[in-house]
Amino acid sequence: MMIKIDISKKLHGVSQDMSLDVKLEIKEGEFLAISGQSGSGKTTLLRILAGLEDAQGEIVVSKKVYLDAHNSLATQARGIGFVFQDYALFANMSVEQNLLFVKKDTNLAEHLLHLTGLSTLAKRLPHSLSGGQKQRVALCRAFMSRPKLLLMDEPLSALDPKMRSQLQEDILKLHKEFSTTTLMVSHDPSEIYKLASRMVVLEDGKIINDETPKEILLQTQGSQKFSLRGELLEIKKADIIHVAVVAIGQQIVEVVLDAKEAKQFQVGQIVQVSTKAFAPSLY
Amino acid sequence: MMGLDLEPFLLSFKLAGLTTLILFIFAMPVAWWLSQTRCRCKPFVEAVVSLPIVLPPSVLGFYILFAFSYNSPVGAFFEDVFGIKLVFSFSGLVVASCLYSFPFMVQPLQGGFTSLNKNMLEASYVAGKSKMQTLLYVALPNIKPALLSALIITFAHTVGEFGVVLMVGGSIPGETKVASVAIYEMVEIMDYSQAHIYSALMLLLSFLVLLAVYSFNIKHNKRIGLG
C-alpha cells in the first residue's frame with residue numbers, strides 16, 4: 001500500500017495568509033510524525049486527509065481515491081481512524097459503547113480494551129475517567145474500524161509526562177499489532193523519537209525537513225558530547241562558588257559557575273548546557 | 001369549587017401538547033441546520049425564526065387570521081384540499097400556536113447543538129456515521145437539558161399564550177376557549193372568585209413545571225459530572 005498526497009489549500013493564518021502545499025508519499029506501515037510551529041498547517045493537513053476540510057489536489061490511499069480534481073470522498077466513506085487532542089469521546093455512551101458505536105464487533109472491542117488495560121472500565125461513562133484513560137478509549141475507538149490510515153492530532157499533549165510515556169507504549173503496541181499506517185502531529189521530541197520511523201517538519205505550510213527523527217532531532221555540534229537548551233531559574237551563592245539552577249524539559253539540573261560567570265547570566269534567560277570533556281559549562 | 005369548568009384547561013393542555021409534539025419534529029432539523037451551517041443566509045433565517053418573540057401577539061394574530069381566511073390562498077387551500085377551516089377552529093389554533101412558539105423550540109435546541117464539542121460530532125462522521133445518525137445517537141442524547149428546556153418552554157409558552165389565540169380562535173367553548181381566554185372573560189364579567197381559582201391553578205402549574213425542569217438539570221449535570 002502506498003499513500004500519495006499532493007494537496008494545496010489557502011489558509012488564513014493569524015498574522016498572514018499562506019498556502020499549505022504538501023507533497024508526500026508514505027509507505028505501508030510507516031509511522032510518520034509531523035512537527036512544526038503552531039499555525040504551520042499540521043492540523044489542517046490531518047483534517048484534509050480525513051475529509052473534514054476541503055482542498056485542491058490529490059489524495060490516494062492504496063489505490064482508493066480520496067480526493068482528485070473531480071471528487072472528494074466523504075469522511076464517512078474513507079474508513080480512517082482519527083484521534084483528537086481533546087479525546088472527543090461520545091459523552092452519552094459507556095467506554096464499551098464508544099467502541100461498538102463505530103462497529104458492532106464485540107470481540108475486537110474486548111481485545112482492544114484488554115490490550116490497553118481498560119477491561120474493568122468497560123461500563124464506565126467517559127466523564128468518570130482520567131485524561132489518560134479517556135485517550136486510551138479514544139485510541140481503541142480509532143482502531144475499531146481497522147483503519148488503513150490512522151491520524152492523530154497531538155494525542156498526548158494534554159497529559160502529564162508519566163501518563164504520556166504509558167500511552168506511547170500503548171500506541172506502539174497497537175501500531176505493531178495492526179500495522180496501521182500512522183500520521184501523528186507531535187511537538188515532543190522524545191515521543192517522536194520513540195514512536196516514529198520518519199519525521200517531517202512543516203513551516204508556513206511547506207515541508208522544510210523530511211528525514212528520520214534521529215537526523216532531525218540530534219542537535220550536538222563539533223566536539224560536544226551533549227548540548228541542551230534550558231531556562232535559567234536561579235543563581236545561588238555557595239561559599240566561594242555559584243550554582244546555577246537550570247530547567248531542561250521536565251528536569252532541574254545544577255551547574256557550577258565562578259563569580260565572573262555568575263554575573264554574565266540573568267534569571268529567566270534561555271541557556272545552552274553542554275559539555276566537551278567532563279565539566280558541564282553554561283554559555 | 002362547585003361548577004368549576006375544567007374544559008378550558010384541558011383544551012389548553014391539548015393545544016400545548018400537540019404544538020410541542022409538532023414543533024419537536026419540525027423545529028429540530030431547523031435548529032440542527034442553524035447550528036452546523038456556515039451559510040451566509042444564516043442571520044436572515046435566524047431573524048425570521050425569532051420574529052414571534054418580538055412581534056406583538058396581536059400583529060402576529062392579525063396576519064395569521066388574514067392568511068387563514070378563505071379569501072387567502074392558504075386558507076382556501078386548507079379548506080378545499082383537507083376540508084379544514086382554520087379560522088375560529090381548534091386546528092387553526094394548533095397551526096397558529098406552532099408559528100407563535102417556533103422560536104421557543106428552535107433556540108434552546110440550537111444553543112444545545114452549538115455548545116456540543118465539534119470534535120465529538122466529527123468523530124462520529126469519521127466512524128462512518130451519517131449526519132442523521134450523528135444527530136440521533138450523538139447530538140441529541142448529549143443535549144438532554146437543552147432538549148427538556150425546549151419541550152417545557154414550548155409547552156408552557158403555548159399554555160400561556162393569549163393574544164394570538166384570541167385573534168385566531170376567538171372564544172368558542174370546547175373548541176377555542178382555552179384557559180387564558182376563559183380567565184380574561186371572567187374578569188370582564190367581574191366573576192373574580194372564578195378568575196382567582198383559574199389564575200391560582202395556572203400559577204401553580206407553571207411553577208411546578210419550571211421546578212421540574214430545574215431539578216432535572218441539576219440531577220443531570222451531577223450525573224454527567226458537571227455539577
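## Chain B at a glance

In chain B, 70% of the contacts with a separation of 6 or more join residues 24 or more positions apart. This is a predicted model. Chain B has eleven helices and zero strands. Read from the N terminus, its elements run α-α-α-α-α-α-α-α-α-α-α.

The C-alpha atoms of chain B fill a box of roughly 65 × 45 × 30 Å, taken along the principal axes. Chain B has 227 residues, and 33% of them count as buried.

## A helix pair in chain B

Two packed helices are described by the angle between their axes and the distance between the axes. Take helix α8 (residues 144-160) of chain B and helix α11 (residues 192-223) of chain B. Their axes come within 10 Å and cross at roughly 175°. An angle over 145 degrees counts as roughly antiparallel. α8(B) and α11(B) are therefore roughly antiparallel to each other.

Which residues make the contact? From α8(B) come B:K144, B:P145, B:L148, B:S149, B:I152 and B:A156. From α11(B) come B:S206, B:V209, B:V213, B:F216, B:N217 and B:H220. By class, the residues of this contact divide into seven nonpolar, four polar and one charged.

## Where the chains touch

The contact between the chains takes 17 residues from chain A and 17 residues from chain B. On the chain B side, the elements that give two or more residues are α6 (118-126) and α7 (131-139). Of the elements, α6(B) gives the most to this side, with six residues.

What is the side of chain B that touches chain A made of, by class? It has nine nonpolar, six polar and two charged residues.

## Nonpolar cores

In soluble globular proteins, nonpolar side chains tend to be buried together. Here the largest nonpolar core has 82 residues. Those with the most contacts inside this core are A:I34, A:F82, A:A138, A:C140, A:L151 and B:L109.

Look at A:I34. Leaving aside its neighbours within four places in sequence, A:I34 is in contact with A:K42, A:L45, A:L183, A:M184, A:V185, A:V200 and A:L202.

## The domains of chain A

Chain A is divided into domain 1 (2-217) and domain 2 (226-282). How many Å separate the centres of domain 1 of chain A and domain 2 of chain A? Taken over C-alpha atoms, the centres are 38 Å apart.

## Two residues with positive phi

A:D239 is not a glycine, yet it has a positive phi of about 55°. A:D239 is found in the loop between β11 (226-238) and β12 (241-248) of chain A. Is A:D239 buried or exposed? A:D239 has 5 other C-beta atoms within 10 Å, so it is exposed.

B:F88 also has a positive phi of about 55° although it is not a glycine. B:F88 is found in the loop between α4 (73-82) and α5 (90-115) of chain B. A buried residue needs 20 or more such atoms, and the partly exposed class lies between buried and exposed. B:F88 has 16 other C-beta atoms within 10 Å, so it is partly exposed.

Definitions and conventions: Residues are numbered from 1 along each chain as its sequence is written. Chains are lettered from A and ligands numbered from 1 in the order in which they are written. This is a predicted model: local features need pLDDT of at least 70, side-chain atom pairs count only at pLDDT 80 or more; totals for chains, interfaces and linings use all residues. Two residues are in contact if their C-beta atoms, placed from the backbone, lie within 7 Å. Helices (H or I, at least four residues) and strands (E, at least two) are DSSP runs, numbered from the N terminus. Ala, Val, Leu, Ile, Met, Phe, Trp, Tyr, Cys and Pro count as nonpolar, Asp, Glu, Lys and Arg as charged, and the others, Gly among them, as polar. Domain bounds come from an automatic or database domain assignment. Axes are lines fitted to C-alpha atoms, for helices over the stretch in contact, and angles run from 0 to 180 degrees between N-to-C directions. Angles under 35 degrees count as roughly parallel, over 145 as roughly antiparallel, 65 to 115 as roughly perpendicular and the rest as oblique. A residue is buried if 20 or more other C-beta atoms lie within 10 Å of its own, exposed if 12 or fewer, and partly exposed in between; C-beta atoms are placed from the backbone. A nonpolar core is a set of buried Ala, Val, Leu, Ile, Met, Phe, Trp, Tyr and Cys residues joined through C-beta atoms within 7 Å.
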